[in-house]
Amino acid sequence: MVRELERLQNTNPFPETAPVANPVFFRTYSRRTANGRESWEQVCVRALRGLVRLGKLTPQEADIIDQMQRQIKSLPSGRWLWVGGV
């Protein structure tokens, strides 16, 4: 007999095809804050702020990067996610 289990809403921003993405993200890219660890949204904001400042990006360029980052279609380098915007 097979029992259907209720699926909880997936709050993980990473695809199911990348099962180690979540632990790697929290180990490597998410910084400690007073409230715990940064979320994916917070890392996106931090990295984007740094890119805008460093690259003197226009608001339109920043919007494109923001969209692509949040959809996990295109990302800055891992090293930038690690230290960018600090």
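This is a predicted model: local features need pLDDT of at least 70, side-chain atom pairs count only at pLDDT 80 or more; totals for chains, interfaces and linings use all residues.
Residues are numbered from 1 along each chain as its sequence is written, and side-chain values use heavy atoms, with hydrogens and water left out.

I then followed E41 to its partner and found that its side chain meets that of R70 in a salt bridge, at 1.9 Å from N to O; the term stands for a side-chain nitrogen of Lys or Arg within 4 Å of a carboxyl oxygen of Asp or Glu. Because R70 lies in helix α3 (residues 59-70) and E41 in helix α2 (residues 40-55), the pair ties together parts that are 29 residues apart in sequence; helices are DSSP runs of H or I with at least four residues, numbered from the N terminus.

I checked R70 as well, and it is partly exposed, with a relative accessible area of 30%. R70 also forms a salt bridge with D66 at 2.7 Å, N to O, and these two residues, 4 apart in helix α3, are separated by about one helical turn. I recorded that salt bridges with shared partners join E41, D66 and R70 into one network.

Lastly, I turned to E38, which forms a salt bridge with R46, the closest N and O atoms being 3.0 Å apart. Both E38 and R46 are buried. My count for the structure is 3 salt bridges.

Key:
Buried means under 20% relative accessible area, exposed over 50%, partly exposed in between (1.4 Å probe, protein chains only).
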